[in-house]
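Let us go through the side-chain contacts of this chain.

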Amino acid sequence: MDVDYSIVANYHWGTINENMTEEVTDGGIILVPGPFGFGTGVYVDGGKEQCQVHGGYNEDLDSCSVNPANCLNGFTFTIWSRIVISDQDLKNMNDTDPGDLSYGTVASSGGDKEGHPGIRIYKYSVWLHALVSTGDLYWHTMIPWLTYNDTWTNIGIRWSHPTVDEEGIELFLNGEPVASASTPISVAAAKEPLSPSEMMIGCHRTADDPLYTEYITAAFDEVATWTRRINDSETLYFLGGYSAEFAGDNPEEFAEKLTGADMNDPETAATMYNGLSDMFNTEVATSNTEEVDPTSATPGTEASPTDTAPSSTAMPITKNMKVFEKFVEAFNSATDDSKVPKNIDLQLTKKIFLFIEAASTLFGESNVDKMKTLQMKKDNPGSAKMMGDLTRWIRNIMHQVIYENSTQQIEINKITKNKIVVATKRNVSEWAASNDPYITSPNYKAIGHPVGWNYPIDRAAVCIKMIDADKCGRRAVNVVILSSRTYHLMAPTKVNEARMPPSRYYVIDSRTITVDVTCDPVLNEFGGIDPTVPSCKPTPEAMKRFPVKFKLRHIITSAFKIRSLKFHQEDMDRQIEQRYCAWWNTELGDFGVWDTNGCFMLYTTETYTKCACTQLGTFSVVARKTEPKEVPPENMWLTILRYIGYCVSFLFLIMYIIIVLLSSDLKDMFHVMGVNLSVAVLLGAVFMLVSDVHSIRDDRHTCTAIGTLIHYFYQSAGAWIFTLGIASFSAITSGVIGGRLRVYIPISWGMPLISVGLTYLLFLLDLGEDPRCFISWENPAKYVFFSFQLLFVFVSLICAIVVLTNMSTPALRKDNLIDDYGSFCRGAAMVMLFFDLTWIFGFFCYVRLGFTGPDFYPIFQVLNSWTGLIIFCSLVYLQGDLRWFSLARLR
């Protein structure tokens, strides 16, 4: 597809200075190389109040240039720019006082938030803003600019008229959408647009102010516009055919390109993260060898002298250890630049610390939700990779520190709002021979307790003996320990399920601490890593003898007292089932998992845990939380349907009981069994409804009592179904129709007492915790109920099938018995099948089996609520002549 500006755009300025009708300059026009393939661009110096202005902009080609309100088809605008973020912008990025921050205009046709129609793209501190105003409404969005600082970047906006659709404004960088705003903001009174129209590059003014203001220092090239909103398939138009890789960044400005400014626009989170990762991931290339330094590139590529040269982006801190020591001392004590020794590259080093500050802010609490959303995508590693990148960057910085004094120790502490970075450099043999071969960090006695960290106790202990002093004694070792205040809030919670029980309720129950130990690489004559020299990495055997030890305070320390009962007043409902010492293993899963392999718990209390791990990396305490005692809310249709079912069942069960009690068949075994079954089902249903009352569910005493009654009466109903099945089976297959009622009664009313007693004996402390007051929340207590109930169901199901299949040849000897009891047994079989089906669903309804599937609760409740009607219809109506209603059979 043709994407050249001159072909696809309605208006194109290939050379900005040749198209402008007015130049606001001081010192003449400065031409600079533009983006690759686009020739020259124009440089304007904001300090000299330089900019480019085109009067009568586009008026001959479209009617909407004066006022976007006339752009019924929307419009699209693009410009290439190279904007510089100053040190003052970085220092003021979190300053809320507008007086301390300067505006800088990229492009403007006179629009603003005060009612002046037009467009406006501008820089405000470290943020890039885009605005479109129709006078009475304006759309505004923004994005951090640091990752694009001082590089040629394409800025594009497209906008749609609100009467056509509600897309609003969208901001594009290098052809990718990065921010948008679909909802306009109203303005009290619309004002006049510029007349004649103007397009300003590098400055801004409105119809009410003839003076140009808000200058910017930047380079610009290739302005293009469309008199419509280009569609999604045409976004390549923004780049105008630019296909080469974007220009590389200036290495000396590396620290300025990232910032941790709070990202208020969630849609910019992904762009900010990708830019951050690109800046972090500059590492030294190495040759193809098994023993390589951790800073090396991926093994398997043959390195040339050029390839193995250290990357120019890796910033050297200073040229020798003594100068660095002086700097650390000066940096920690100085209040202004004048107190720092003159031979220190203060500005360069400040940028390094500013970089750490910026990276720390990206881990801020305001970005937790954004980072979680980002890493939910299958192809995005999210915060775990960002933590690893930060650790590697600090490691590379320490490798740049030239170490010449074998008896001294270099230590640097950097404390930010969300990170404590402690980096130590020392000679291996000197350290190993010292009285204390351990480094324990952070040392809060030395650095104090950081503000906002709530008196941390988290620390790690590293023994330098994990490095072989015989082979590496003359090398310098770098130990980086990074403590994180907020990383646990956004860290992934995936675990190695081969070593930790599968569960959806794993959480990071501590802050995290990262430990990295490496020796300085030995370089060859070309400046690359010498493959013939051991890397001096800690070996697995050494790590087993001298593991990393760490102590982490728990996040979840509270244990809630449950609703007290006399028989377990002191019981505590704990939120945590199990805690694990874990490290982030990048070798497992898509991007890594928390793994317990090689980690051991040394000691744990309610407040903290001490661990030892035989790996290096990021460590935490991972906890498996107790499954929350929550059930989904009941749908209104289900509530109405089951309440109607229970009411209808109550009515027909009472009718059936009264009819049998008044009938001449009261002494008949089958009818007495039917009455007992009806009473059990009726009372079970009554208490099932009572459990719906919120005050009962909230009081554990009452909830336990109601759960016990539900348990007893539905278990009794199951027992009566069981005995009814045995009786019907005996009648149909053997012709036995009486004489066993004295056995059936104690079985049916007595066996449930055994079931209830067992739950009290074995699971007393678990009773009354179910949100629906059904026995208990925990499965084991419910297994007691269902072991009896499913036994009754299984036996009665077999009996019902046998009865129905033998109805054509019953063993009853007399015709009148066949008429009376054959029809009753048929009806009883129908009741048994319905009851059995109901409680099979009941098992899947109440027992949590750990798999996600259909919710059986609505099915069970609907069937259970209509059980009474089924009993009446099966034992009365289905017998054929409704003789139970005959007054002739009443005494």
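Buried means under 20% relative accessible area, exposed over 50%, and partly exposed in between, with a 1.4 Å probe and protein chains only. This is a predicted model: local features need pLDDT of at least 70, side-chain atom pairs count only at pLDDT 80 or more, and totals for chains, interfaces and linings use all residues. Residues are numbered from 1 along each chain as its sequence is written, and side-chain values use heavy atoms, with hydrogens and water left out.

Q: Is arginine 579 buried or exposed, and what is its relative accessible area?
A: Buried means under 20%. Arginine 579 counts as buried because its relative accessible area is 12%.

Q: Which residue forms a salt bridge with arginine 579?
A: A salt bridge is a side-chain nitrogen of Lys or Arg within 4 Å of a carboxyl oxygen of Asp or Glu. Here the closest N and O atoms are 2.6 Å apart, and the partner of arginine 579 is aspartate 509.

Q: How many residues apart are aspartate 509 and arginine 579?
A: Helices (H or I, at least four residues) and strands (E, at least two) are DSSP runs, numbered from the N terminus. Aspartate 509 is in the loop between strand 24 (506-508) and strand 25, and arginine 579 is in strand 29 (residues 576-585). The pair links distant parts of the chain, and the separation is 70 residues.

Q: What is the relative accessible area of aspartate 509?
A: Aspartate 509 is buried. Its relative accessible area is 0%.

Q: Which elements hold arginine 395 and aspartate 516?
A: These two side chains form a salt bridge, with the closest N and O atoms 2.9 Å apart. The pair ties together parts 121 residues apart in sequence, because arginine 395 lies in helix 8 (residues 383-399) and aspartate 516 in strand 25 (residues 512-519).

Q: Are arginine 395 and aspartate 516 buried or exposed?
A: Arginine 395 has a relative accessible area of 8%. Aspartate 516 has 9%. Arginine 395 is buried, and aspartate 516 also counts as buried.

Q: Which residues are linked with Arg229 in a network of salt bridges?
A: Arginine 229 meets glutamate 167 in a salt bridge at 4.0 Å, N to O. Glutamate 167 is partly exposed, at 40% relative accessible area. The network links Arg229 with Arg158, Glu167, Glu170 and Asp232.

Q: How many salt bridges does a search of the whole structure find?
A: Side chains of opposite charge can pair when their charged atoms come close. The search of the whole structure gives a total of 16.

Q: What is the angle between the planes of phenylalanine 786 and tryptophan 839?
A: Rings of Phe, Tyr and Trp (its six-membered ring) pair if their centres lie within 6.5 Å; planes under 30 degrees apart count as stacked, over 60 as edge-to-face and the rest as tilted. Phenylalanine 786 and tryptophan 839 form a tilted pair, 6.3 Å centre to centre, and the angle is 55°.

Q: Where do phenylalanine 786 and tryptophan 839 lie?
A: Both residues are buried. The pair ties together parts that are 53 residues apart in sequence, because phenylalanine 786 lies in helix 19 and tryptophan 839 in helix 20 (residues 815-846).

Q: The charged end of arginine 772 sits over the ring of which residue?
A: A charge sits over a ring if NZ of Lys or CZ of Arg is within 6 Å of the ring centre and within 35 degrees of the ring normal. Arginine 772 has its charged end 3.6 Å from the ring centre of tyrosine 857.
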